[in-house]
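Have the coordinates open while you read.

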Amino acid sequence: MSLVLEGFLNTVALTLLSFAGAVLVGSLVAVLRIVPVPLLRAVGAVYVEVWRNIPLLAWLVLFVFGLPEVGVKMPLFWTAFTAIALYEAAFVAEALRSGVNSVASGQGEAARALGLTVPQSLRHVVLPQASRRVVQPLANIAIALTMATALAGVVGVVDMTRAAQRINLELAQPLLVFTGVGLCYLVMAAGIGYGARVLERRFA
Amino acid sequence: MFDAPGPRFRRRVLWTSVVSAAVLAGLVALGLRQFAAGGQLDADRWRPYLTWPIWRYLLEGLGSTVLAAGATGVLAAAGGLLLALRPNRFTRAYAEIMRTVPVLLLVYVMLFVLPSFGVNLPLFWKLVVPLALSHAASYAVIFRAGVESVEPGQREAGLSLGMPDGVVTRFVVLPQAVRHMTPLLVTQAVSLLKDTSLGYVVSYTELLFNGRVLANYNGLLIQTFLVVAFVYLVVNLALSWLARRLEASRARTAR
């Protein structure tokens, strides 16, 4: 039974932490992709393309088994966290960027015409409108991230999916175990969806 | 969104570029030093990846990856079409469940649960069936969005010309819907290709699993998986590039 709890807590912790990390790094990358400096834009674009075109499992294997060989040693959980957060950051960056781009260019021009500086127009005109539009895409990324944390089980983190597989070996009650775990994922996704709706109403 | 840059602004951009280039070069140098310290940059450790037998093995893996992705794509598209054509409580629940349950869980069901009920599929299908079940929901969303993206006026115009309903769907709505969907379908192919890396778990000899076998054999872990990652990157970048081109040509021909 403690295995169930450990798996569940690991999945929840991994989801929350890596989403926070992904939003942090993703915002940074989104800024890189928007600023009017060609070099930084290129760096942002390369980051996004490289991370999202290679499977997460390949990243996890590379990080978990590869990093120790170049002298970077971290606990397993934190290695998995790093790989998942950096991977999902690429998707967060794209969501944020398209949110900012979806604000009509007339809005920015109007703000400039009224004499607002660039930071002011971003802060008071563009970002408030963009934030409303990125809630739903970000919630979708959070749900995808919840599913993605299952892959950490493959490289050794005892998450919910991995725990289910191990318990099933002992209990031999597959239907019960796997439906239960499936339900846990459904509940987590429902929670994220609910949070997103609340946030959306707050921003509206 | 911003005004045309003046001289002061251009100077600032220049300085930012110089500083960030320096920082970037520093980071790359740091990374390379870390690699070199572990002896990971030695030519000996990379030379195998210039030889044909190794590449043939990896490319065989890539072939299996593409095969699995193709089979999954066909099955999932068929399932997605069924789901999209019959929107009811069951199909909506199915899509919702598949959007939230990890594919890995389905793979484990295939690997550890179904055999005890006497269902023991070959490895290929143990990978393809869970992927198809999961991706069918994504395809359904794409199909529905594609059909809804065609203006209702198009259907109405067809009907008012006296065409039967089936003819309108076949010759008026679907051709336009397909054109709208194509870029999304290519993007979906990237995600499919990435998901076949679960063959690593199933022991199906696709690209990532072959990388694992190779790394176990020659002990060149970092080199092997970097090369494998590079192959994924090239293939998926090509697909993404195709999607962008399709999107651009769609935008040009629209209306």
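This is a predicted model: local features need pLDDT of at least 70, side-chain atom pairs count only at pLDDT 80 or more; totals for chains, interfaces and linings use all residues.

Leaving aside residues up to four places away in sequence, A:L57 touches A:L151 and A:V154 in chain A, plus B:S197, B:L198, B:Y200 and B:L208 in chain B. A:L57 also turns up among the residues with the most contacts inside the largest nonpolar core, along with A:A58, A:L60, A:I84 and A:V92. That core has 115 residues, and helix α4 of chain A (residues 76-101) gives the most to it, with 15 residues.

## Where the chains meet

How many residues does each chain bring to the contact? Chain A puts in 40 residues and chain B 43 residues. On the side of chain A that touches chain B, the elements giving two or more residues are α2 (38-52), α3 (56-66), α5 (105-113), α6 (118-148), α7 and α8. The biggest giver there is α8(A), with seven residues.

## A covered helix in chain B

Now look at α5 of chain B, residues 103-113. Nine of its 11 residues are buried, so the helix is mostly covered. The buried ones are B:V103, B:L104, B:L105, B:L106, B:V107, B:Y108, B:V109, B:M110 and B:V113.

What covers them? Both chains have a hand in it: the cover includes α7 (160-171) and α8 (174-203) from chain A, and α6 (123-148), α8 (165-195) and α9 (199-202) from chain B.

## Chain A from end to end

Chain A has eight helices and zero strands, so to speak an α-α-α-α-α-α-α-α run from the N terminus on. Its C-alpha atoms fill a box of roughly 70 × 45 × 20 Å along the principal axes. Buried residues make up 46% of the 204 residues in chain A. Of the chain A contacts with a separation of 6 or more, 74% come from residues 24 or more positions apart.

An unreviewed UniProt entry places the feature "transmembrane region" at residues 12-32, 44-65, 77-96, 138-155 and 175-196 of chain A. How does the model look over two of those stretches? Residues 12-32 of chain A are 100% helix and 0% strand, with the end C-alpha atoms 30 Å apart. Residues 175-196 of chain A are likewise 100% helix and 0% strand, and there the end C-alpha atoms are 31 Å apart.

## Chain B from end to end

Chain B has 11 helices and zero strands. Why call chain B more spread out than a compact globule? Its radius of gyration is 24 Å, whereas the globule rule gives 18 Å for 255 residues; the value is well over the rule, so chain B is more spread out than a compact globule.

The box filled by the C-alpha atoms of chain B is roughly 75 × 70 × 35 Å, taken along the principal axes. Buried residues make up 31% of the 255 residues in chain B. Among chain B contacts with a separation of 6 or more, residues 24 or more positions apart account for 78%.

Definitions and conventions
Residues are numbered from 1 along each chain as its sequence is written. Chains are lettered from A and ligands numbered from 1 in the order in which they are written. A residue is buried if 20 or more other C-beta atoms lie within 10 Å of its own, exposed if 12 or fewer, and partly exposed in between; C-beta atoms are placed from the backbone. Helices (H or I, at least four residues) and strands (E, at least two) are DSSP runs, numbered from the N terminus. Two residues are in contact if their C-beta atoms, placed from the backbone, lie within 7 Å. A nonpolar core is a set of buried Ala, Val, Leu, Ile, Met, Phe, Trp, Tyr and Cys residues joined through C-beta atoms within 7 Å. UniProt positions are given in the numbering used here, feature names are shortened, and annotations may be inferred rather than shown by experiment. The radius of gyration is taken over C-alpha atoms; the globule rule is 2.2 Å times the number of residues to the power 0.38.
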